[in-house]
Amino acid sequence: MSTETLFRRITDYAARPDPYPLYAELREHGVARQEDGSYLVGTYDEVVQLLHDPRISSDAHSRADVDEELLRAEADGMTPAFIGLDDPEHERLRGIAMRPFGPPHSPGRIDALQDDIARIAQELIDGFDGREEVDLVDDFAYPLPVTVIGRLLGIPSGDMGQLRRWTDIVIASLDFDPGEDPAVKRRRGREAGREMADYLGDLAASRRDHPSDDLLSALVGDPGPEGAFRHEELKSTAALLLIAGHETTVNLITNGALTLMRHPEAAARLRNDPGLMPSAVEELLRYEPPVQLLPQRSPLTDIEVAGVTVPRGAPLILVLAAANRDPLRFPEPDRFDPARRDNQHLGFGSGIHSCFGAPLARVEARIALTALLARIGADAHPVEDPPPYRRSPVLRGPRHLLVRH
């Protein structure tokens with residue numbers, strides 16, 4: 001089959017349970033030009049090189065096919081989040097956001113959350129009592145990180161339902177379903193993102209006069225050496241923190257639980273040696289990464305990748321999940337090994353755009369999976385395998401995971 005259809009086949013919903021044979025096909029061809037003029041890259045060395053190449057832009061304005069809907073949204077006052085910008089603006093905004101969130105300026109914030117995360121995880125698991133079947137997404141993997149990021153930002157718990165509805169629309173706009181007009185999906189996603197940002201902007205503004213110990217109060221109250229956010233920047237950053245602060249972690253925990261049920265010998269090993277869990281989480285990030293691909297890059301000039309010239313402005317899609325199973329980098333890449341060494345995976349990306357919330361996601365996944373293994377028995381199994389998956393090929397994970405335990 002032609003490699004020009006690879007992206008269409010990867011994003012086809014039928015491939016969601018197991019896209020890895022298609023990723024292997026991509027690696028065999030190095031760089032694959034697609035029928036729409038985009039380029040796919042899935043080999044480890046090339047993906048790492050591109051993630052660190054200053055000639056590769058994350059700014060949608062660098063694309064030859066600039067999204068007209070984006071231009072209209074920006075003309076109407078919408079500010080992109082920093083993951084959609086290049087340096088120096090990306091560095092400035094990320095620096096402001098990082099000051100109250102984690103190292104080096106606030107090294108204790110994530111560690112201080114551990115007891116609270118463990119308590120939330122245990123409360124959710126206590127809800128399994130008396131039930132033969134639970135949905136690990138709705139009953140555990142979703143409410144855990146949502147509760148954590150909501151409390152961290154200082155969002156009233158009663159508002160989280162509306163925020164979930166906005167988030168679902170934003171994530172759905174990342175789907176590549178050919179049956180829907182992509183411009184309509186993007187517009188719908190941006191409208192939901194704008195409503196969410198307006199809500200968070202109002203909430204942050206209320207913290208100026210009534211600060212608390214939450215992250216929004218810190219973001220509006222500490223200008224730092226880089227200066228302070230403008231209000232529109234604060235809104236887009238808060239929306240980014242909320243979405244990125246739980247969407248990928250839900251998939252990491254769910255993919256992790258499913259992988260451990262499919263590998264009972266690894267689960268038994270972790271029950272006997274919980275100290276191995278940090279290594280197991282790194283392996284899960286390699287083996288079943290919650291972010292499968294980065295579709296929003298483009299070169300600022302003509303570049304050569306593995307002997308193929310990618311023209312300036314062409315959509316460049318970096319398939320992290322394919323790179324994570326490159327046999328030239330990882331021995332036995334299709335084997336799940338919770339004690340794998342030299343595991344420099346790309347589960348959180350790499351380079352200047354590496355995942356901002358990685359420290360929190362690691363802690364949440366470690367605590368969640370340890371607590372889960374302690375609660376469900378060795379005979380716990382999915383009611384349906386493969387389970388139904390969410391539509392997004394970018395943020396890949398089960399929509400539901402019914403487990404009998």
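Predicted model: local features only at pLDDT ≥ 70, side-chain atom pairs only at ≥ 80, totals over all residues.
**Sheet, helix packing and backbone exceptions**

Two bridges connect β5 with β8, and the two strands run antiparallel. They belong to an open sheet of five strands, whose order is β1-β2-β8-β5-β3 and whose pairing is mixed. At the edges of this sheet stand β1 (31-33) and β3 (56-57), each of which pairs on one side only.

β3 and β5 are paired in the antiparallel sense over two bridges, and P299 in β5 is the bridge partner of I56.

Helix α3, spanning residues 44-51, lies across β2, β3, β5 (294-299) and β8 (316-318). Its direction makes an angle of about 120° with β8.

The next element of the description is a pair of helices. Two packed helices are described by the angle between their axes and by the distance between those axes. For helix α9 (residues 143-153) and helix α18 (residues 358-375), the axes come within 11 Å and cross at roughly 135°. The two helices are therefore oblique to each other, since an angle counts as roughly antiparallel only over 145 degrees and as roughly perpendicular only from 65 to 115. The crossing of α9 and α18 is right-handed. On the α9 side the contact is made by L144, P145, V148, I149 and L152, and on the α18 side by L360, E364 and A368. These contact residues divide into seven nonpolar, no polar and one charged.

Most residues other than glycine have a negative phi, and most peptide bonds are trans. D87 and P88 are joined by a cis peptide bond with omega of about 10°, and P88 is found in the loop between α4 (68-75) and α5 (89-98). The bond from D385 to P386 is likewise cis, with omega near 5°; P386 is placed in the loop between β9 (381-382) and β10 (402-404).

Positive phi values occur at A306, near 50°, and at E332, near 45°. A306 lies in the loop between β6 (303-305) and β7 (308-310), whereas E332 lies in the loop between α17 (320-323) and α18. E332 counts as exposed because its relative accessibility is 52%, and exposed means over 50%.

Conventions
Residues numbered from 1 in each chain as written. Heavy atoms only, no water. Pairing = 2+ DSSP bridges. Helix = DSSP H or I, 4+ residues; strand = E, 2+ residues; numbered from the N terminus. Contact = heavy atoms within 4.5 Å. Axes fitted to C-alpha atoms, helices over the stretch in contact; angles between N-to-C directions. Parallel < 35°, antiparallel > 145°, perpendicular 65-115°, else oblique. Left-handed = near helix turned anticlockwise from the far one by under 90°. Nonpolar A, V, L, I, M, F, W, Y, C, P; charged D, E, K, R; others polar. Buried < 20%, exposed > 50% of the residue type's maximum accessible area, 1.4 Å probe, protein only.
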